[in-house]
Amino acid sequence: MTDPVSYTREGEIAVLTVDNPPVNALGHAVRKALVAAFDRFAADDDARIAVLTGAGRLFLGGADISEFGKPPQDPWLPEVIDRIEALDKPVVAAIHGAALGGGLEVALGCHYRLAMPGTKLGLPEVGLGILPGAGGTQRTPRLTGTDAALALITGGKPVGPDKALEMGLIDRVGEGDVQEAGQSYARTLLADGAGPRRTAEIAPPAAPDKGWDEIDADLAKRHPGEVAQRHAARAVRAATEMPFDDGMTEERRLFNELVDTPQREGLIHAFFLERKVSNLPELKGVEPRPITAVGIIGGGTMGSGIATACLLAGLSVTLVETSVEAASRAANTIAGNLDGAVKRGKMNPTQRDAVDLTTTTEYEALSEADVVIEAVFESMEVKLQVFDHLDRVMKDGAVLATNTSYLDINEIAGATKRPGDVIGLHFFSPAHVMRLLEVVVADRTAPEVVATAFALGKALKKVAVRAGVCDGFIGNRILSHYRSAADEMMLQGASPYQIDRALEEFGFAMGPSKVADLAGLDIGYMTRDRKGRDSPGIVNPDWADRLVEDGHKGRKTGRGFYVYGDDGPTENPDVAGLIDTARKDAGVTPRDFTDEEIVARYMAAMVNEAARVVGEGIAKRPLAVDAVKLFGYGFPRYRGGPMKYADMTGIATIRDRIRGYAEDNPEFWQVAPLLDDLADKDSKFEDMNT
Ligand code: 3H9
């Protein structure tokens, strides 16, 4: 194996380069090699100063995240950094691309720091459920002051070099080539007779502007349920109250506590799955077709959102509507979305002015589009008409995509003369904001069409997840199952509000009744109509239908499970009576539920249906389910997704719960074969991810 840290000399300057693709993570081999390279520098009498750089596209991407939770291997990163800082010859960090987490902490242990334009400097550890554990919580506030350090560490967002310079995190912004800029800075330092300048020797920083209790309360409010941000603030507090070495001991103690939490496990699972899920072995070597021009059919909320997402990615868009008025409404919606994106910094005004959007009523305008995405009313009849039209006007090799959320894409594909080009691209509303994209592969979809869909997903910065054809694909199919579990609990005695509160406390962004109100209660009404009302074991929530029949469709009409007033949602007093009537009709005597039981039942239903979805190959790997729920359905990231939850809870425990629930409703609560199998083998979903 080649040495991950090289040592060369340019006159009196030693150049140490970390080369550990893809992101120069500071794994065990790199830490050992860094110690050896700096020992060599210390012993090299001809070297008066060292420049530390990273090979490839960035400086250092941080500690090797895959090592957390495994037995630690010496030397630890904090010791490596202490050794660099203790050297009696100066060391310059020449940073390009990114210095993140442990990567920035290494730079803070160097005596001088230069960063190139466009570099990201940050301490994103809280996003992984940990805190900067290699001196970041102690050195950062000594350089930037406590308030700026708290913002960087508890926010987890990186800053650019200009901001970093202003904060005192770096000493200068370089120009040109990073190697040359680093060496030029080193020559200046030598000429000035500069010696080592140790951050650890700076006096402890002052207390922050706000009191620590207030900071803690703010963090608890901003990150409900999460522990890392508050722990990180405690570590920064130590920097203000203790000498450096004691602060480091406290940082280590708090870091180790976080490493042992399930939140750390969930967040690191989420980090890796976000990257792994779109990387399909079946697409190795399959070339996607080029995409520059996108056609969209339908300019409602969904079509306009998809158009916005494509324009944000720099693609040209032609949107077809049924009338001039509808086309103009779509153009306005898209303009509003783009203006919002400029405000949020997702696009600059020059890019905004350059967007290439055409709205029209003519299908013929799509003749040059590389891909067309249909986002019309959810009816097979309407979709078949649209695809018939598309089949006639689209050029050969164009990808024909449907945004259906439930319908049979095989049927849609079969109605065209080019079923190999047909695929599902299921976006989530608002499509320019939500990260999830289900790529629904039909029986006859060609591999390069699948590859093209994934390439489009990447261009749109989506988390693209492969799904097979079935009613509701991965996300909505599982949703309808746990939604039914919630309805069953309501029928048996739990109130919609207790259920929402229990699940929000568990970490969901919204409980199921708030979600239903947001989506529109009429959607559930329509879906049940289409599916028939007598699926085995399914509770039919008549109370929601009664609300719809009275004109209450949720948020859009100001009334549903909740009443939406100026002071936010309040419980709708009519709902209890409607549910009561349904209980009486069903002959149910209501009983009490604990919040724990609510969460356990809801999660058991989710895991059970997810196991069926994986077992049937609709999702190829359990991590695909986790990705869908995390990025499209508000599942708490710090729990890693439903399959991770199942692994952490114990598959056999969940199976036992389902068997228990089956006593009330044996048709609904049937253990999925895959769950049974994993429980029997004492295996985990994780074992199926590799
Ligand atoms: C830390 O430093 C703790 C310390 O405070 C204390 C220690 C005691 N480790 O994202 P990409 C993999 S915590 C291992 O697609 P990009 C990634 O999984 C760390 N692997 O590239 C992927 O693998 P694959 C704090 C890592 O160019 C491949 O590299 N640091 C790591 O879009 C390419 O990744 C962070 O949180 C890692 N640290 O973005 C930074 N990072 O090809 C995390 C990446 O097999 N990393 N991989 O799917 C990032 O934010 C982005 O990767 C980065 C590059 C911006 C660097």
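Is Asp-580 buried, partly exposed or exposed? Asp-580 is partly exposed, with a relative accessibility of 31%, where buried means under 20% relative accessible area, exposed over 50%, and partly exposed in between (1.4 Å probe, protein chains only). The model is predicted: local features need pLDDT of at least 70, side-chain atom pairs count only at pLDDT 80 or more, and totals for chains, interfaces and linings use all residues. Residues are numbered from 1 along each chain as its sequence is written, and side-chain values use heavy atoms, with hydrogens and water left out.

**Domains**
- The chain is assigned domain 1 (5-260), domain 2 (291-469) and domain 3 (476-688), with bounds from an automatic or database domain assignment.
- Between the C-alpha centres of domain 1 and domain 3 the distance is 45 Å.

**Salt bridges around Asp-580**
- Asp-580 pairs with Arg-583 in a salt bridge at 3.7 Å, N to O (a side-chain nitrogen of Lys or Arg within 4 Å of a carboxyl oxygen of Asp or Glu).
- The two residues are three apart in helix H23 (residues 573-586), about one helical turn; helices (H or I, at least four residues) and strands (E, at least two) are DSSP runs, numbered from the N terminus.
- Arg-583 is buried, at 10% relative accessibility.

**Other salt bridges**
- The whole structure holds 49 salt bridges.
- In helix H10 (residues 244-259), Arg-253 and Glu-257 are four residues apart, and their closest N and O atoms are 2.8 Å apart in a salt bridge.
- Arg-253 is partly exposed at 41%, as is Glu-257 at 37%.
- Glu-201 and Arg-198 form a salt bridge at 3.5 Å, N to O; Glu-201 is exposed at 58%, and Arg-198 is partly exposed at 23%.
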